[in-house]
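Please find below a short note on the model under review.

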Amino acid sequence: MTIQQRTLGTTSPLTVSALGLGCMGMSEFYGTPDEQGGIETIHRALDLGVTFLDTADMYGPFTNERLVGRAIAARRDEVQLATKFGNQRTEDGTRLGINGRPEYVRAACDASLMRLGVDHIDLYYQHRVDFTVPIEETVGAMKELVEAGKVRHLGLSEAGADTIRRAHAVHPITALQSEYSLFTRDLEDDILPVVRELGIGLVPYSPLGRGILTGRLTQGSLADGDSRASAYFPRLNGDNLDANLALVRAVTEIAERLDCTPGQLALAWVLAQGDDVAPIPGTKRVRYLEENVGAHAVRLTDEDLAALERAVPRGSVAGDRYGDMSSIDA
Ligand SMILES: NC(=O)c1ccc[n+]([C@@H]2O[C@H](COP(=O)([O-])OP(=O)(O)OC[C@H]3O[C@@H](n4cnc5c(N)ncnc54)[C@H](OP(=O)(O)O)[C@@H]3O)[C@@H](O)[C@H]2O)c1
């Protein structure tokens, strides 16, 4: 199967594989980290044409960028490499908060380049907006990184409409990376219209709803220590999880009719939202990656999209997506 390509951003365009690969779970948060599985998954992804790789300095912390760097060392030219700064952590994992100060932006970028073992980053995102620093100052520092050749394109994550406009006025923003899936459609009211007006691409993260939309996450299936089992993810726990699994069953029924898996259907729905959208499903397993790539073959008719709308009406998902939304600029 040929993986399609899509172009993010019109003023500072970056062409990526339509389906990317989220690397976060290879190092932290979702069950037991698996470095070797992660490296094999990245190699298989590149073989299949999934070349848009997503990491961040805070994943691990720091170990995910090193893992990605090792995996792509002999194949750098095949990759569109995206990483992020701003969620400041120490080596031992302590969270120091959000930092968008210009001097920190410069230091974080140099450290990421070193860990990734590359001379430039294709897409550099601010991971969360720092409400204590004017966005013009943060993006001003990011712009200098482009001018220095360390970074090719700029992105924001979980930024609100006004922040996006102000940032884009300082330097063209190529992509907004925010949560978007059948289960999380908050962007559609205020943010999607703005990114489309400005010609900014959308990179949906957690397009599988952190795994629930695959039908393989069930009550009690998350291992001890998996962050999704914590109060930080209200949708994936307790009564909310029971209610949300009923929605997944409705998605699964449609998937069976279309002869695909629920995860493939969820990814096909995201891919169907526009040619300016490139989701980054995460996995540390070759088997899951191969399944997810199959989403490309799922063609949804208007009738299928309407059936999905009935199966998961907007607002029907129980619980907030994060237990603490205070760092989201919405
Ligand atoms: N900007 C941000 O603030 C932000 C926040 C979260 C994530 N991200 C990025 O977005 C990427 C993707 O998001 P995500 O990882 O949170 O959520 P996701 O892609 O919605 O789901 C990932 C989870 O689904 C499981 N999975 C994937 N494919 C599967 C399949 N075919 N069958 C069964 N299970 C499957 C994975 O399992 P295994 O782990 O067992 O492989 C993993 O636990 C991350 O890797 C990260 O790079 C960014």
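Which residues in α3 meet which residues in α4?

1. The model is predicted. In the contact between the two helices, Pro102, Val105, Arg106 and Cys109 are the α3 residues; on the α4 side they meet Glu137, Thr138, Ala141, Met142, Glu144 and Leu145. By class, this contact of α3 with α4 comprises six nonpolar, three charged and one polar residue.

2. The geometry of this helix pair is as follows. Helix α3 covers residues 102-116 and helix α4 covers residues 135-147. Their axes lie 8 Å apart, and the packing angle is about 35 degrees. The crossing of α3 past α4 is right-handed.

3. Strand β8 (residues 121-126) and strand β9 (residues 151-157) run parallel and are joined by five bridges. Within this pair, Tyr124 has Leu154 in β9 as its bridge partner.

4. The ligand is surrounded by 30 residues, of which Tyr30, Asp54, Arg216, Thr283 and Lys284 are the closest. Thr283 also places a polar side-chain atom 2.6 Å from an oxygen atom of the ligand. For Ser157, a polar side-chain atom lies 2.9 Å from a nitrogen atom of the ligand. Gly211 contributes through its backbone: an N or O atom lies 3.4 Å from an oxygen atom of the ligand.

5. Most peptide bonds are trans, and most residues other than glycine have a negative phi. The peptide bond from Gly60 to Pro61, however, is cis, with omega near -5 degrees; Pro61 is found in the loop between β4 (52-54) and α2 (63-72). Phe29, although not a glycine, has a positive phi of about 85 degrees. Phe29 is located in the loop that lies between β3 and α1 (35-48).

Definitions and conventions:
Residues are numbered from 1 along each chain as its sequence is written. This is a predicted model: local features need pLDDT of at least 70, side-chain atom pairs count only at pLDDT 80 or more; totals for chains, interfaces and linings use all residues. Side-chain values use heavy atoms; hydrogens and water are left out. Axes are lines fitted to C-alpha atoms, for helices over the stretch in contact, and angles run from 0 to 180 degrees between N-to-C directions. Helices (H or I, at least four residues) and strands (E, at least two) are DSSP runs, numbered from the N terminus. A crossing is left-handed if the near helix is turned anticlockwise from the far one by less than a right angle, and right-handed if clockwise. Contact means heavy atoms within 4.5 Å. Ala, Val, Leu, Ile, Met, Phe, Trp, Tyr, Cys and Pro count as nonpolar, Asp, Glu, Lys and Arg as charged, and the others, Gly among them, as polar. Two strands pair if DSSP finds at least two bridges between them. A residue is near a molecule or strand if one of its heavy atoms lies within 4 Å of it. A polar contact is a pair of N or O atoms within 3.5 Å; within protein, one must be able to donate a hydrogen and the other to accept it, and residues adjacent in sequence count only if both atoms are side-chain atoms.
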